[in-house]
Amino acid sequence: MSKAIGLLDVDVYGPSIPKMMNLKGTPELSPSNLMRPLLNYGIACMSMGFLVEETAPVVWRGLMVMSAVEKLLRQVDWGQLDYLVVDMPPGTGDVQLSVSQNIPISGAVIVSTPQDIALMDAHKGAEMFRKVHVPVLGLVQNMSVFQCPKCKHKTHIFGADGAKRLARTLDLDVLGDIPLHLDIREASDTGQPIVFSQPESDEAKAYLRIAAEVVRRLPPPLQ
């Protein structure tokens, strides 16, 4: 059975969901003066990128960022959703704290490349969510391996299994690996998510396996 999904992009400084979901425009207002999400691929989306020009920098201090995040959280008419996915920026700053304090979160997923410098931030992110009592569902290892399309040789450009080592340190599971692949990059840049544009590809199946693992660890949606 299909589920009603919302996607909230709270990366105030660098919103990417509008481009990756091939969406443009300003949200309409409901009769109750709430913003209506933009819809594509059956997913309701809201992002700071719908409220500012695409090339306009957001030069805000912490209080303004927190105010913008609260607006995105509380002034959107999502309708009836089964799952709301919140895409956060890297780090442990105002955005993460605002989201954690303003809405109940069923679980967090930490995404990192396998390289040590990225894993340092991933480790801090996991510990931050634990401190604010948000369950960490597991880690996703992004750009885990590159396979040459001609000779099929595999190269671990960012290192091998770094997220798996961190998962052991944190006593967490690795929910899955996403390869470094040209098709994923091209699909993202053209606003055609690979799970829709190439649903039978190995790359799409990697995302679907991770999604299934996340759902399996979440409490069931409220009826």
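**View 1. The interface between domain 1 and domain 2.** About 1,400 Å² is buried between domain 1 and domain 2, and carbon and sulfur atoms give 70% of that area. The model is predicted. Tyr41, Tyr83 and Ile103 supply 37% of the area that domain 1 buries against domain 2, more than any other three residues. In contact terms, 15 residues of domain 1 meet 18 residues of domain 2.

**View 2. Polar features across the interface.** Zero salt bridges are found between domain 1 and domain 2. Three residue pairs are in polar contact between these domains, counting pairs with both residues at pLDDT 80 or more. On the side of domain 1 that touches domain 2, helix H1 (17-20) and H3 each give two or more residues. H3 provides the largest share of that side, four residues.

**View 3. The domain layout.** Domain 1 covers 1-103 and domain 2 covers 104-222. Their centres, taken over C-alpha atoms, are separated by 21 Å.

**View 4. The largest nonpolar core.** This core holds 25 residues. Leu8, Met21, Cys45, Met46 and Val69 touch the most other members. Two or more residues come from each of strand E1 (5-9), strand E3 (43-47), helix H2 (62-74) and helix H3 (94-102). H2 gives the largest share, five residues.

**View 5. Surroundings of Val69.** Neighbours within four places in sequence are left aside here. Val69 is then in contact with Val10, Val12, Val95, Ser98 and Val99.

Technical notes: Residues are numbered from 1 along each chain as its sequence is written. This is a predicted model: local features need pLDDT of at least 70, side-chain atom pairs count only at pLDDT 80 or more; totals for chains, interfaces and linings use all residues. Side-chain values use heavy atoms; hydrogens and water are left out. A nonpolar core is a set of buried Ala, Val, Leu, Ile, Met, Phe, Trp, Tyr and Cys residues joined through side-chain atoms within 4.5 Å. Buried means under 20% relative accessible area, exposed over 50%, partly exposed in between (1.4 Å probe, protein chains only). Contact means heavy atoms within 4.5 Å. Domain bounds come from an automatic or database domain assignment. Buried area is the accessible area (1.4 Å probe) that two parts lose on being put together, summed over both. A salt bridge is a side-chain nitrogen of Lys or Arg within 4 Å of a carboxyl oxygen of Asp or Glu. A polar contact is a pair of N or O atoms within 3.5 Å; within protein, one must be able to donate a hydrogen and the other to accept it, and residues adjacent in sequence count only if both atoms are side-chain atoms.
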